[in-house]
Amino acid sequence: MQLSSVSRRKFLQSAGILSLSSISLDSTAHPFIASEEIDVSHHRVRLKNLPDSFEGFKIVHLTDIHHSKFVSFNEVFRMVELANRQSPDVVLLTGDYITWSKKFIAPVAEALRNLKSRFGSYAILGNHDMRVDAEGITQALETAQIKVLRNSAERIDFKGDSLWIAGVDEYSYGQSDIPKAMREVPLSQPRILLAHNPEIVSQATCHQVDFVLAGHTHGGQIKIPFMRSLNVVTQPSQDFLEGFVRNGNTQMYISRGLGKVVIPVRILCPPEIPVFYLQS
Ligand SMILES: [Fe+2]
């Protein structure tokens, strides 16, 4: 669903945060090097045991929105509009909705409430969410009709078939529990896992996960040639930055995500909304 400018303004006013739209800091960045336009990337994902009814099932993946003084409410709203424009079957969100402050929790949840898909939205928490207020963000997202998976799984039923979506808490906080998240997911079904931090991939392989959707890296965010990217500087243990990674029988996609941290700009590293089409 596309939202008209009128409904958008109404929504901004009803949320009581219209003034936040003036906070955006990104628009002054040099257009040649700054990567601000969202790249909608499309990918086929083959899964063994995919039930017939889910052939072509379309997943829209949002991650690392980071609503903050670096990422305005208007920008978040545009992300939601662009996600809706893909006509998703399901929207999966892999954490970092805010950066520093609790005051951004309510507005980001209000914006995400406008996500539209056939089978709803499912989310996990990222490291910034854990740091700021894990319980508060969980509650705000659940109030916005987004199911938060905290070492748990949900089943989507369609035409007599089922597809499970599992999600874990943040790996860097030592709170990821894949066995618990996957407890109800039969081995005979595709095993899809939402995990903020891609470092979890080895564990995912041990627990026979077929497909991991991850974020966290921002794809590096600042990628100046011949220099280490911002993300590698801040997290030197990071093995992978973006795109598909295969580890044993596990495939993982790391999205560059949408927001910005540390520095209010992305350079040569555009924000991304991946769209996945499931195939048997
Ligand atoms: Fe992030």
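Okay, before the sheet itself, one convention: two strands count as paired if DSSP finds at least two bridges between them. And keep in mind that this is a predicted model.

So, the sheet. There are six strands in it, the sheet is open, and the order reads S1-S12-S2-S3-S4-S5, with mixed pairing. At the edges you find S1, residues 39-46, and S5, residues 146-148. Each of those has a single partner strand, so one side of each is left without a neighbour in the sheet. On average, neighbouring strands here are turned by 25 degrees against each other, ignoring direction.

Let me zoom in on one pair. S2, which is residues 58-62, runs antiparallel to S12, residues 272-279, and three bridges join them.

Next, helix on helix. In general, you describe two packed helices by the angle between their axes and the distance between the axes. For H2 and H3, the latter being residues 105-112, we get an angle of about 25 degrees and axes 9 Å apart. Angles under 35 degrees count as roughly parallel, so H2 is roughly parallel to H3. The crossing of H2 and H3 is right-handed. As for who meets whom, H2 brings Phe 73, Val 76, Phe 77 and Val 80, and H3 brings Pro 107, Val 108, Ala 111 and Leu 112.

Hold on to Val 108, please. The largest nonpolar core has 69 residues, and the ones touching the most other members are Val 108 and Leu 193. H2 is the top contributor to this core, with six residues. Which residues does Val 108 contact, leaving aside neighbours within four places in sequence? Those are Ile 65, His 67, Val 76, Tyr 97 and Ile 98.

Last stop, a loop. Glu 184 is in the stretch between helix H5, 178-181, and strand S8, 192-194. Is Glu 184 buried, exposed or partly exposed? Buried takes 20 or more other C-beta atoms within 10 Å, and exposed means 12 or fewer. Glu 184 has 13, so Glu 184 comes out as partly exposed. Along the chain, Glu 184 and Trp 164 are 20 residues apart, and their C-alpha atoms are separated by 8.8 Å.

Definitions and conventions. Residues are numbered from 1 along each chain as its sequence is written. This is a predicted model: local features need pLDDT of at least 70, side-chain atom pairs count only at pLDDT 80 or more; totals for chains, interfaces and linings use all residues. Helices (H or I, at least four residues) and strands (E, at least two) are DSSP runs, numbered from the N terminus. Axes are lines fitted to C-alpha atoms, for helices over the stretch in contact, and angles run from 0 to 180 degrees between N-to-C directions. A nonpolar core is a set of buried Ala, Val, Leu, Ile, Met, Phe, Trp, Tyr and Cys residues joined through C-beta atoms within 7 Å. Two residues are in contact if their C-beta atoms, placed from the backbone, lie within 7 Å. Angles under 35 degrees count as roughly parallel, over 145 as roughly antiparallel, 65 to 115 as roughly perpendicular and the rest as oblique. A crossing is left-handed if the near helix is turned anticlockwise from the far one by less than a right angle, and right-handed if clockwise.
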